[in-house]
Amino acid sequence: MPGQPMSPEELCYMTADALRAGYSKGTFSPLEICEVLLARMSALNDTVNAYVLLGGEELREAAKASSARWRDASPLGPLDGIPVAVKDVLPVRGWPTRHGSPACAGASAESRDAVAVARLREAGALITGKTRTWEFAWHGRVDRPPEEVVRNPWALEHSTLGSSSGSAAAVASGQGVAALGTDSGGSVRGPASACGIVGIKPTQARVPVYPPSPMMEMEHIGVLARTVRDAALVLGTVAGYHSLDPDSWPFAEENFEDGLETGIEGLTIGISSTFGCTELHPDVEDVFDEVVANLGQLGVNTTILDIKLGDVYENTTTIYTPMAMASLDEVPTGKESLADPLVLELNADSTQLSSKDYFRALQQRLAIRRLFTHAFDNVDLMLTPTLETVPNRLTEPSPDMLLNRIFDLTGQPSVSVPVGSSETGLPIGVQIVANKGQDALALRAAHALEKLYPPRRPPEP
């Protein structure tokens, strides 16, 4: 019936547009949404376990201030009062950064925000809490204590992948409109695909990375959301030049929501299912083939990309190995033994890595970047599966996310969009890729795909 109150679940799954409309009309306030979310976050942390730190009084105070601005018809902008979570590798003022590691369990509260977090705060966003991550954003251990394990909202015995595991699970389960994640090897797009939501890894340095990351120029700060429009909104808030990131580039300011409805008719999409570097799970292959068959509904042209990257994994491993050393710089003296054994092993391996081998790997990376940049001379966009397989069980090792890593190497923007399910109901996504700086085009294409495959939400845990 008209005027019937919304359930807490309906409120928690509202888009940013719907929340803003409700705030403007006085149907509900940011403070009311905050209280509903806090209750949901607290309830689901025993099952989904997406958050390591929950917002409390600080979140309520921010929601009260936002509510007052909306009552005065003077919101700071389109993100005012919108709940956004932050991955626990990005500093948030007043909270510790634990990097998902027991070695950093005693970390002190941060004195300042990461640049992206500061921009959220300045825009009036409600920072709901810090989300769990794979340890040092490296890999998902099957031997982690149960209280540290993030569970997939679609099937609690399955993984969210990672390393932005908590960010993806929080958004998918209605514990925030969006979340910040980081992506240096697929860590935004992989979890987005596994949890049936949208994830964008923007052009490298489109969002400033400061404080600096151990992943150096491989690091991308991205956004996870339930819709492309919400992802575009948050990305537009946190993107933009900042002098503290030496890789930051003064891109022209863009409103990434503008033009989403334009469509991609007449454009050419290059198709590859594997780039010759992996094999697909049969369910992923079936879903991908169906998406490719339906692209004609968007009025696009398609062509097969003749790109084979058989040794891309070896290349990325050589580049990533020394980064483990920098990750351990976050560990207090005397706590090293508590860190992830894989990170400790990679750190040891880095001492044996010759400068010649490392330089050769960097040369190969440059060749890959050149190859993919040149490919965009003949296509406007690329389409691949996001993941080569379906989400693993929590008792199984997680997949390598090789199809994601390619675009961390190249720095090109990539958006994962949910498009189907496995035979057992686990989400499957595809990633749409544009050339550097064309984040708006990648989002526009993702939005067009989203119209063919509307967002779905998991069953209540």
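Buried residues, meaning those under 20% relative accessible area with a 1.4 Å probe and protein chains only, make up 58% of the 461 residues in this protein chain. Please keep in mind that this is a predicted model, where local features need pLDDT of at least 70, side-chain atom pairs count only at pLDDT 80 or more, and totals for chains, interfaces and linings use all residues. Residues are numbered from 1 along each chain as its sequence is written, and side-chain values use heavy atoms, with hydrogens and water left out.

Now the overall fold. The chain has 14 helices and 11 strands; these are DSSP runs numbered from the N terminus, helices being H or I with at least four residues and strands E with at least two. The radius of gyration, taken over C-alpha atoms, is 21 Å, close to the 23 Å from the globule rule (2.2 Å times the number of residues to the power 0.38), so the chain is as compact as a globular protein of that length. Along its principal axes, the C-alpha trace spans about 60 × 60 × 45 Å.

Let's look at one helix. H12 covers residues 355–375, and its 21 residues reach 30 Å from first C-alpha to last, close to the 30 Å expected at 1.5 Å a residue, where the expected span is 1.5 Å times one less than the number of residues. So which residues of H12 are buried? They are Ala361, Arg365, Ile368, Phe372 and Ala375. They sit on the same side of H12 because they cover an arc of only 85° around the axis, using the directions from the helix axis to the C-beta atoms. The face turned away from that buried side carries Ser355, Lys356, Arg370 and His374, all exposed, that is, over 50% relative accessible area.

On to the pockets. A pocket here is an open set of points on a 1 Å grid over the protein atoms alone, where a 1.4 Å probe fits, with protein on both sides within 12 Å along at least five of seven lines; lining residues have an atom within 4 Å of a point. The largest pocket has a volume of about 550 Å³, the space filled by probe spheres set on points joined across faces, edges and corners. Of its 25 lining residues, Trp138, His139, Leu342, Asp400 and Arg405 lie nearest the centre. Helices H10 (312–327) and H11 (341–350) are the elements giving two or more residues to this lining, and H10 gives the most, with 4.

And finally, the second largest pocket: about 440 Å³, lined by 29 residues, with Val89, His99, Pro212, Pro214 and Glu330 nearest its centre.
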